[in-house]
Amino acid sequence: TISRLFLPDGWFPDLDSLITTAKSFEVLAPAAPIPALRCLESILTASSEEELKIRVVGDARRTLVWVLEDLALRSATFEGAAKLLLVLAGAENETYGNNAEGVFTSLFHWEHPEVPASLASRLHVLREGAKSASPTQRKIIATACGEAFKNVVIMHHHAKGSAIPERPYRPETWEEGRRNATDIFALLNTLSNDQDAEVRKEAVNESLDSFRTFVKISLTSEG
């Protein structure tokens, strides 16, 4: 079966093979999204930021970002895909708006038109990322927190494959959205005390912008 192609003894056993056959990976991944994600996890998390920055470039990087974006639009693979986008974003070498960092930070907007993952699931990814040993990744988490409530236009990227696209998640109550806003603001507050100066600066800037938005759309605890 296609799933076996993603095993350690399959078509993509290491970073070299993933880079050289990224297009084949992209074609096969929608047919077996969970095995594909596990394959990417085993390869990308075993590589250093410097290695990923130097070696995962050009078309191969573009393709892997698209694959992970697609996996992030499925509830079963959202968290894993988002975490790997953060890994690539921490080793960013592109300046496109839809590079790994741009795609990652967009996933957390509370009104994203396609993400089916709950606000709680998204918050879990942000909290885990805030614990990263990488200052670069922690800074990106601060940016993602700030993006969660900004007035931005998010381009549609429909999930590939034969499965019917899942409905985008929407808060069931206004209170759910308010709690999410409070939790994100608390996370920004934590990052504003980070040991790294760049992380602190980003968190403070995003905190100020976020609070203005929270007040504007009545998401503060005072309403």
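Visitor: How do you know that the span of H3 agrees with what its twelve residues should give?
Guide: At 1.5 Å a residue, the twelve residues of H3 should span 16 Å, and the end C-alpha atoms are 16 Å apart, so the two agree. The expected span is 1.5 Å times one less than the number of residues. This is a predicted model, in which local features need pLDDT of at least 70 and side-chain atom pairs count only at pLDDT 80 or more, while totals for chains, interfaces and linings use all residues. Residues are numbered from 1 along each chain as its sequence is written, and side-chain values use heavy atoms, with hydrogens and water left out.

Visitor: What secondary structure does the protein have?
Guide: There are eleven helices and zero strands, with helices (H or I, at least four residues) and strands (E, at least two) taken as DSSP runs numbered from the N terminus.

Visitor: Which residues of H3 are buried, and what covers them?
Guide: Pro35, Ala36, Leu37, Cys39, Leu40, Ile43 and Leu44 are buried in H3. "Buried" stands for under 20% relative accessible area, "exposed" for over 50%, and "partly exposed" for what lies in between (1.4 Å probe, protein chains only). The cover over the buried residues of H3 includes H1, H2, H4, H5 and H6. For the protein as a whole, buried residues make up 50% of the 223 residues.

Visitor: What makes H6 mostly covered?
Guide: Eleven of the 13 residues in H6 are buried, among them Phe78, Leu84, Leu85, Leu86 and Val87. The buried residues of H6 pack against H3, H4, H5, H7, H8 and H9. H6 covers residues 78–90 and reaches 18 Å from its first C-alpha to its last, close to the 18 Å expected.

Visitor: How is the packing of two helices described?
Guide: Two packed helices are described by the angle between their axes and the distance between the axes. For H6 and H8, the axes come within 10 Å and cross at roughly 35°. Such axes are lines fitted to C-alpha atoms, for helices over the stretch in contact, with angles running from 0 to 180 degrees between N-to-C directions.

Visitor: What handedness does the crossing of H6 and H8 have, and which residues meet there?
Guide: H6 passes H8 in a right-handed crossing; that name applies if the near helix is turned clockwise from the far one by less than a right angle, and left-handed if anticlockwise. Phe78, Glu79, Ala82, Lys83 and Leu86 in H6 meet Ser121, Arg122, His124, Val125 and Gly129 in H8, where contact means heavy atoms within 4.5 Å.

Visitor: Why is the pair of Phe12 and Phe25 called edge-to-face?
Guide: A search of the whole structure finds eight aromatic pairs. In this one, the ring centres of Phe12 and Phe25 are 4.9 Å apart and the planes stand at 70°, so the pair is edge-to-face. Rings of Phe, Tyr and Trp (its six-membered ring) pair if their centres lie within 6.5 Å, with planes under 30 degrees apart stacked, over 60 edge-to-face and the rest tilted. The partners are 13 residues apart, Phe12 in the segment before H1 and Phe25 in H2. Phe12 counts as buried at 1% relative accessibility, and Phe25 does at 0%.

Visitor: Then what makes the pair of Trp110 and Phe149 tilted?
Guide: The planes of Trp110 and Phe149 are at 45° and the ring centres 5.4 Å apart, so this pair is tilted. Trp110 lies in the loop between H7 and H8 and Phe149 in the loop between H9 and H10, so the pair ties together parts that are 39 residues apart in sequence. Trp110 has 10% relative accessibility and therefore counts as buried; Phe149, at 5%, counts as buried too.

Visitor: How do you know that Asn99 is buried?
Guide: The relative accessibility of Asn99 is 8%, so Asn99 counts as buried. Asn99 is found in the loop between H6 and H7 and touches Arg62, Val65, Glu92 and Glu94, not counting residues up to four places away in sequence.

Visitor: And why is Leu187 called buried?
Guide: Leu187 has a relative accessible area of 9%, so the word buried applies. Leaving aside neighbours within four places, Leu187 is in contact with Leu126, Arg127, Ala130, Ile141 and Cys145.
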